[in-house]
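Subject: Structure handover

Hello,

Here is the structure I promised to pass on.

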Amino acid sequence: MDVFVVTGASRGIGAAVSALALASGYRVVRASRSCVEKVTDSTWDIPCDVASWDDVSSLVSRVEGEWGSVNVVFANAGTSVDTSFVSDAGAPPPEWTDMVLTNVCGPAFTARAAMPALMRSRGHLVLTGSAAGRGVRPGNLYSATKWAVTGLAEAIRAECVGTGVRVTLLQPGLVDTGGIPASRANDPKLDAADVARAVLYAVSQPPSVDVNEILVRPTGAAR
Ligand SMILES: NC(=O)c1ccc[n+]([C@@H]2O[C@H](COP(=O)([O-])OP(=O)(O)OC[C@H]3O[C@@H](n4cnc5c(N)ncnc54)[C@H](OP(=O)(O)O)[C@@H]3O)[C@@H](O)[C@H]2O)c1
């Protein structure tokens, strides 16, 4: 069975992708800070902070060592705080650091840790960016972190040419999870399961097909 590693798997999009990957026949590794270590024949929950290089590199080496391969890595863990550059609205600047480390270093560390294993398996890396990584969001540092993921995915894909590794940038619009700001509570939303189907679409293509970007928004979304 192919092995599918999900970061940010404890809830929201990561939980939905983990469930669909499991139903699709993968062995699924579910990683997040709050995960409690537990293993069954087809699932393995591993505590991991993606802002920690030691955590992420240990995650990948343990999985490849014990389960023999790493075929899909979904670098999905992320967090969001409101920000403003002109006023005290939103979180104070010292609280911005965790978001930048999680959203930028997280997928970068995950990619770096996973790439040797993915090159051995000719596997697939999927990174969760955002529709906010395409357009301007006034005063929004979260959006800037997702612009970083947009650039990261393309940089990784360019370096992977010739390795057989496929790289997909997933850019969801608003998804109905605990991760959305109160200010957008009444906007149209996707279900996390909608996003999971998009991820499974990308990773179920033949090895010769590399789906590089998926932008998926709820119908009627303005942004
Ligand atoms: N919801 C949306 O509208 C939307 C739209 C576009 C993109 N996204 C992106 O989609 C991804 C998932 O978001 P979501 O809406 O599903 O959020 P969520 O429901 O808040 O879930 C976030 C997940 O990330 C984990 N996580 C947070 N910080 C972590 C860290 N440092 N290390 C490891 N795991 C960490 C959380 O688990 P622990 O707390 O246990 O660590 C949780 O499993 C994020 O990258 C987000 O930016 C969301």
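**The second largest pocket**

Ala 111, Arg 112, Met 115, Met 119, Leu 152, Ala 155, Ile 156, Glu 159, Cys 160 and Thr 163 line the second largest pocket. A pocket here is an open set of points on a 1 Å grid over the protein atoms alone, where a 1.4 Å probe fits, with protein on both sides within 12 Å along at least five of seven lines; lining residues have an atom within 4 Å of a point.

The model is predicted, so to speak of local features requires pLDDT of at least 70, side-chain atom pairs count only at pLDDT 80 or more, and totals for chains, interfaces and linings use all residues. Residues are numbered from 1 along each chain as its sequence is written, and side-chain values use heavy atoms, with hydrogens and water left out.

The volume of this second pocket is about 190 Å³ (the space filled by probe spheres set on the points, which are joined across faces, edges and corners). α3 and α4 each supply at least two of its lining residues. Helices are DSSP runs of H or I with at least four residues, strands are runs of E with at least two, and both are numbered from the N terminus. The lining holds seven nonpolar residues, one polar and two charged. Nonpolar covers Ala, Val, Leu, Ile, Met, Phe, Trp, Tyr, Cys and Pro; charged covers Asp, Glu, Lys and Arg; the others, Gly among them, are polar.

**The largest pocket**

This one holds about 1100 Å³ of space. It has 42 lining residues, and Gly 78, Thr 79, Ser 80, Tyr 142 and Gly 179 are the closest to its centre. α1 (12-23) gives the most, with three residues. The lining splits into 13 nonpolar, 20 polar and nine charged residues.

**Aromatic rings**

There are four aromatic pairs (rings of Phe, Tyr and the six-membered ring of Trp, centres within 6.5 Å; planes under 30 degrees apart are stacked, over 60 edge-to-face, the rest tilted). Among them, Phe 4 and Tyr 26 are edge-to-face, 4.9 Å centre to centre with 80° between the planes. Phe 4 sits in strand β1 (residues 3-7) and Tyr 26 in the loop between α1 and β2, 22 residues apart. Both Phe 4 and Tyr 26 are buried (under 20% relative accessible area with a 1.4 Å probe, protein chains only; exposed is over 50%, partly exposed in between).

Phe 85 and Trp 96 also pair edge-to-face, at 5.5 Å and 75°. Phe 85 counts as exposed at 55% relative accessibility. Trp 96 is buried at 15%.

Best wishes
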